[in-house]
Amino acid sequence: MNYSVSRWFDFKLRAARKEAKTRIKEANRLIRRGGKHLNANIGKEIDDAVAALGDARQRGEMAVMRKTGDKLEGLLTKHLSAFKKPAWRESFESIFIAVLAALLLRAFVIEAFKIPSGSMIPTLAIGDQIFVNKYIYGIRIPFTSIRIIDFGMPKRGDVVVFMVPIEPHEDYIKRVVGLPGDEIMVRNSILYINGKEVPRVFKGRVNELDRERIDGPWHRFAAYAYTEILGGKSYTVLQDVNLPITAADFGPAIVPEGHVFMMGDNRNRSYDSRSWGSVPLSNILGRSLFVWWSWSKDGLNTERLGTWIE
């Protein structure tokens, strides 16, 4: 048998086995629905036909699969056709199950989130669309801040999505810099936690793209970039070159129990906990995972696709 004939035979065998598997599955479904209404002889005949088709499938006998499959189909049509669902109902149930699974997945496990502002530049750019792990910190009742099960709390350095306290219907994304009981202070654009300077290393001057509103004009701004290290994570923060280093001064302030302190990586252009206070842990929706789509001023930004968020 030459190579092309062998490939054709393998293809036909796979197709026959797939069809046999589908027929067996459908037969078992109908037997569960209506088997109790059959007399013993007919029930045994159908069971024998199912077993024979399964054996032929296992042995890879295409002719036998075709013959026993047709016999099984005839028995099912004759004795169990009343228990077959209409095609429209099968389709409807499949769509309903798929939609339900998607809603449950979105409510409890993972959800997409679009970045609307430049407060997290350069970690996240305007137009990035990310996936958020909603399961990592616990399980909550959808569309509420009520958590049913707690698995843990955010760590310093985590980039999280949360319901902002001053606008409960708005979801923000920032970096956790302070945990309950921490003293947060910013001096000369340097972040201090409990009196200790958060390590950072100067990287250089950069030019980044931002816009004031979702529908506002795009513009470039110059900033000094620093690598900051917090909670075992290394990421880049920006300091606007056109503002004095004291412009971002804040605190000291103590993070209340049951709260976390949020800041954007674009430190001079972030509306965060320095303005509206700490965020209740119950408001945390999940931790960001990676960028799955990015549409910027110039269209699709392929370089950002698949970027994991640190």
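1. Just after helix H2, Gly60 takes a positive phi of about 75°; helices here are DSSP runs of H or I with at least four residues, strands are runs of E with at least two, and both are numbered from the N terminus. The model is predicted, which is why local features need a pLDDT of at least 70 and side-chain atom pairs count only at pLDDT 80 or more, while totals for chains, interfaces and linings use all residues. Residues are numbered from 1 along each chain as its sequence is written, and side-chain values use heavy atoms, with hydrogens and water left out.

2. Helix H2 itself covers residues 40-59, and its 20 residues should span 28 Å at 1.5 Å a residue, which agrees with the 28 Å between its end C-alpha atoms (the expected span is 1.5 Å times one less than the number of residues).

3. Which residues of H2 are buried? They are Ile42, Gly43, Ile46, Ala49, Val50, Leu53 and Ala56, where buried means under 20% relative accessible area, exposed over 50% and partly exposed in between (1.4 Å probe, protein chains only). Seen down the axis of H2, the buried residues fall within an arc of 160°, so they line one face of the helix; the arc is that of the directions from the helix axis to the C-beta atoms. On the other side of H2, the exposed residues are Ala40, Asn41, Lys44, Gln58 and Arg59.

4. The count of salt bridges comes to 13, each being a side-chain nitrogen of Lys or Arg within 4 Å of a carboxyl oxygen of Asp or Glu. In one of them Arg23 pairs with Asp70, and the closest N and O atoms are 3.2 Å apart. Arg23 belongs to helix H1 (residues 3-34) and Asp70 to helix H3 (residues 62-80), so the pair ties together parts that are 47 residues apart in sequence. Arg23 is buried, at 18% relative accessible area, whereas Asp70 is partly exposed, at 45%. Glu19 joins Arg23 and Asp70 in a network of salt bridges.

5. Another salt bridge links Asp158 and Lys233, whose closest N and O atoms are 2.9 Å apart. Asp158 lies in the loop between strand S4 (147-150) and strand S5 (159-163), and Lys233 in strand S12 (residues 233-240), so parts that are 75 residues apart in sequence are tied together by the pair. Asp158 is buried at 1% relative accessibility, and Lys233 is buried at 18%.

6. What does the side chain of Arg175 meet in a salt bridge? Its partner is Asp265, with an N to O distance of 2.8 Å. Arg175 is in strand S6 (residues 171-178) and Asp265 in the loop between strand S14 (259-263) and helix H5 (273-276), so the pair ties together parts that are 90 residues apart in sequence. Arg175 and Asp265 are both buried. The charged end of Arg175 also sits over the ring of Tyr235, 3.6 Å from its centre, a contact that requires NZ of Lys or CZ of Arg within 6 Å of the ring centre and within 35 degrees of the ring normal. The charged end of Arg200 sits over the ring of Tyr226, at 3.7 Å from its centre.

7. The count of aromatic pairs comes to 13. The ring centres of Trp292 and Trp293 are 6.5 Å apart and their planes are at 40°, so the pair is tilted. Rings of Phe, Tyr and Trp (its six-membered ring) pair if their centres lie within 6.5 Å, and planes under 30 degrees apart count as stacked, over 60 as edge-to-face and the rest as tilted. Trp292 is partly exposed at 34%, as is Trp293 at 31%. Ring pairs link Phe131, Phe290, Trp292, Trp293, Trp295 and Trp308 into a cluster.

8. Asp182 has its place in the loop between S6 and strand S7 (183-187) and is buried at 5% relative accessibility. A polar atom of the Asp182 side chain lies 2.8 Å from the backbone nitrogen of Leu179. Leu191, found in strand S8 (residues 190-193), is buried at 2% relative accessibility, and its C-alpha atom is separated by 8.9 Å from that of Val177, 14 residues apart along the chain.

Technical notes: A polar contact is a pair of N or O atoms within 3.5 Å; within protein, one must be able to donate a hydrogen and the other to accept it, and residues adjacent in sequence count only if both atoms are side-chain atoms.
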